[in-house]
Amino acid sequence: MEKKSEINGHSMPSSASTARMLENSEQEPGAEEEEEAQQQQERKTKKERGFVERLRGFLCRNLLVILTVSGVLVGVGLGMLVRSMGLSRAQMSHFAFPGEMLLRMLKMIILPLVVCSLVSGAASLDTRSLGKLGGIAVSYFLATTLIASGIGVALAFIIKPGVGAGALNTNSLGLESVSSNKETADSFLDLARNLFPSNLVAAAFRSYATDYKMVAVGNDTNGTILYQKVPIGTETDGMNILGLVLFAMMFGVALRILGEEGEELIRFFNAFNEATMVLVSWIMWYIPFGIMFLVGSKIVEMEDVVLLVTSLGKYIFASVLGHVIHGGIVLPLIYFAFTRKNPFTFLSGLITPFTTAFATCSSSATLPSMIKCVEENNGVDKRISRFILPIGATVNMDGAAIFQCIAAVFIAQLNNIELNAGQIFTILVTATASSVGAAGIPAGGIITIAIILEAIGLPTNDLSLMLAVDWIVDRTTTVVNVEGDALGAGILHHINQLETKKHQQEAEELGEVRVESVANVKAEEETSPLVMHQTKILEGMPEAIESVL
């Protein structure tokens, strides 16, 4: 008998093809499961590949940031480890050598970067927009510095860091005295003199400073010789960055006014600036390694940190809290009020310069990485960033204003001196004005505290206390300083974009009006029967015209 097979309930004659069909029908459920499993596996693999690619892209974009932050953390650990070895002074200096090299590289690039970026920035901006943006920038810098001074004074009176610390003896802390005998008036006159350096070449490495000498002016009735303190001009080591900034701005404006004659020199400065930025990009890859040794060497050099922190803890706390309030709340709110954008998204692209600022304690040394990150990560126009950031690094010192005000009130409380309203107002104004001339170098703000103390008649012999903990406070100070510069550049970029859009819209509207007016004239010529009739008459009767003439 012929064997029968059943497929889907139907009887089928047995054959090779029938057997294959039967076999396939039996295997179908398992094959479907296999296919689904394969598809799931493929989807999982794709997801994994997508995740790996995203992770790789994130790491590539943020590798420098990760390395820089890691450099700080490793530096802390390395410093604690080496500290326990009891190194000699010579060994400490050798240990700090890689960090010293980083500072030297960053300072080396400051002069060409500041001069070339300001000349090219001022020359590329239109004179009207330059004046407007310059006015907004100065207003922003003054307003934020005045707010910072107010925060500093308010916190000093709330926390009262100097109350109860009258027994603090500077000699027990092993501190050296800080000499400061400069008059307040001479300090501000030196600021004005440095704005206009007599020698540009010397301004690259020297600045003007007033010193004093005692001159005999005669005798009194008892025959005692009378002496008078006479100010004399001297030169001190350190770049006169203020004078170079002003000269570069004016030179850029002059090149812009020259027109075609100045184009070649503008192109030269633009090319010089771009080449400098290439050097900056190379130096930035050394920053993580240098920062590790900068932080580590500072920890190794610390002497009795516990005594300093316990005796000056309230002063350190007040200063750091002021920086957190101003940098974490006030400045972001100002940025949001102008741009209506998330300020922390903007700041997230600047982690590398902030870390550099924290490690180097120098606004000027942070300038190269700040310009690069602001342009590449946040898309700020080069003309804006290279014009405003060098100025900000010189004159905008919000963080310095905060700790200077706190230090002035702290010293008054330390000496049990009650400050009146006039003295408080003097502190605010003097701190705001003197922060303009503060050097963008480590411990640069300590000198300006002496100006404030002289202005309100306080003793300057306690400045050594400020210097003792300046290496702690100066880190957050510099971060707030450079944050104010960066957010100022972001605000100016936003205002410049709005102005550009407004001008484009006005130009488009004018273009439309002109097109419509031309179209209406043509339409009138084509449709007006009177004009057409007169034209035909004139065309058809030349003899009549001649006879009339």
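Mentor: Let us start with aromatic rings, where rings of Phe, Tyr and Trp pair if their centres lie within 6.5 Å. Keep in mind throughout that this is a predicted model. On that rule, a search of the whole structure finds 10 aromatic pairs. Phe247, Phe251, Phe268, Phe269 and Phe272 form one aromatic cluster.

Trainee: Why is the pair of Phe268 and Phe269 called edge-to-face?

Mentor: A pair of aromatic rings is described by the distance of the centres and the angle of the planes. The ring centres of Phe268 and Phe269 are 5.3 Å apart, with the planes at 70°, and the cut-offs are within 6.5 Å for pairing and over 60 degrees for edge-to-face, so the pair takes that name.

Trainee: What makes Phe268 partly exposed, and what makes Phe269 buried?

Mentor: Buried means under 20% relative accessible area and exposed means over 50%, with partly exposed in between. Phe268 has a relative accessibility of 45% and is therefore partly exposed, whereas Phe269, with a value of 11%, is buried.

Trainee: How do you know that Lys229 lies over the face of Tyr212?

Mentor: The rule asks for NZ of Lys or CZ of Arg within 6 Å of the ring centre and within 35 degrees of the ring normal. Lys229 is placed at 4.5 Å from the ring centre of Tyr212 and is listed as lying over its face. Arg475 is likewise placed over the face of Phe358, at 5.9 Å from the ring centre.

Trainee: Why is the contact of Arg193 with Asp190 called a salt bridge?

Mentor: Side chains of opposite charge can pair when their charged atoms come close. The closest N and O atoms of Arg193 and Asp190 are 2.8 Å apart, and the cut-off is within 4 Å, so the contact qualifies. Both residues lie in helix α5 (residues 184-195), 3 residues apart, which is about one turn of the helix. Arg193 is partly exposed at 36%, while Asp190 is buried at 3%.

Trainee: What makes the pair of Glu274 and Lys382 a link between parts that are 108 residues apart in sequence?

Mentor: Glu274 lies in helix α8 (residues 260-284) and Lys382 in helix α14 (residues 382-395), so the pair ties together parts that are 108 residues apart in sequence. Glu274 and Lys382 also belong to a network of salt bridges with Glu375 and Arg386. The count for the structure comes to 7 salt bridges.

Trainee: Why are Arg340 and Asn416 called exposed?

Mentor: The threshold is over 50%; Arg340 has a relative accessible area of 62% and so is exposed, and Asn416, at 71%, is exposed as well. Arg340 is placed in the loop between α10 (305-339) and α11 (343-348), and Asn416 in the loop between α15 (398-414) and α16 (421-434). Although neither is a glycine, Arg340 has a positive phi of about 60° and Asn416 a positive phi of about 55°.

Trainee: How do you know that Cys116 and Cys405 are buried?

Mentor: Against the limit of under 20%, Cys116 has a relative accessibility of 3% and therefore counts as buried, and Cys405, at 0%, is buried too. The structure holds 0 disulfides.

Note on methods
Residues numbered from 1 in each chain as written. Predicted model: local features only at pLDDT ≥ 70, side-chain atom pairs only at ≥ 80, totals over all residues. Heavy atoms only, no water. Phe/Tyr/Trp six-rings, centres within 6.5 Å; stacked < 30°, edge-to-face > 60°. Buried < 20%, exposed > 50% of the residue type's maximum accessible area, 1.4 Å probe, protein only. Disulfide = S-S within 2.5 Å. Helix = DSSP H or I, 4+ residues; strand = E, 2+ residues; numbered from the N terminus. Salt bridge = Lys/Arg side-chain N within 4 Å of Asp/Glu carboxyl O.
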